[in-house]
Amino acid sequence: MDRDPVMDTWLRRYRIRSMIIVGIATGMMIRVGEWSMLFAATSTRSGVEIAAILAAVQVPATLYAGYAFKIFQTTKSIT
């Protein structure tokens, strides 16, 4: 199947793919933050256990968001 040159140019010019990836990453970070606050406020575990659980959830989400932002920055058009 051939690619549509007009659509491909439009996607590259307005960086649609990158913006979608950053939007998903931003939404994910908001949801992870909300969940983390709710979990920390309602958990009966000790402080160290809560911190370990939050780190296990937040570290991958933060790494993904950083990668998404890097993609967004590197796809900026110079022209």
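Biologist: What makes Met-7, Trp-10 and Tyr-14 a nonpolar patch on the surface?

Modeller: Together they have about 320 Å² of accessible area, a value from the Shrake-Rupley method with a 1.4 Å probe, where only the protein chains shown count as cover for residues. A patch takes residues with over 30% relative accessible area and no salt bridge, joining nonpolar side chains (Val, Leu, Ile, Met, Phe, Trp, Tyr) within 5 Å and like charges within 9 Å. Met-7, found in helix 1 (residues 5-14), has a relative accessible area of 41%. This is a predicted model, in which local features need pLDDT of at least 70 and side-chain atom pairs count only at 80 or more, while totals for chains, interfaces and linings use all residues. Residues are numbered from 1 along each chain as its sequence is written, and side-chain values use heavy atoms, leaving out hydrogens and water.

Biologist: Why is the pair of Trp-35 and Phe-39 called stacked?

Modeller: Rings of Phe, Tyr and Trp (its six-membered ring) pair if their centres lie within 6.5 Å; planes under 30 degrees apart count as stacked, over 60 as edge-to-face and the rest as tilted. A search of the whole structure finds one aromatic pair. Trp-35 and Phe-39 are 5.0 Å centre to centre with 15° between the planes, so the pair is stacked. Both lie in helix 2 (residues 16-42), four residues apart, about one turn of the helix; helices are DSSP runs (H or I, at least four residues), numbered from the N terminus.

Biologist: What makes Arg-15 lie over the face of Phe-72?

Modeller: The rule wants NZ of Lys or CZ of Arg within 6 Å of the ring centre and within 35 degrees of the ring normal. Arg-15 is at 4.1 Å from the ring centre of Phe-72 and is listed as lying over its face.

Conventions
Helix = DSSP H or I, 4+ residues; strand = E, 2+ residues; numbered from the N terminus. Salt bridge = Lys/Arg side-chain N within 4 Å of Asp/Glu carboxyl O. Buried < 20%, exposed > 50% of the residue type's maximum accessible area, 1.4 Å probe, protein only.
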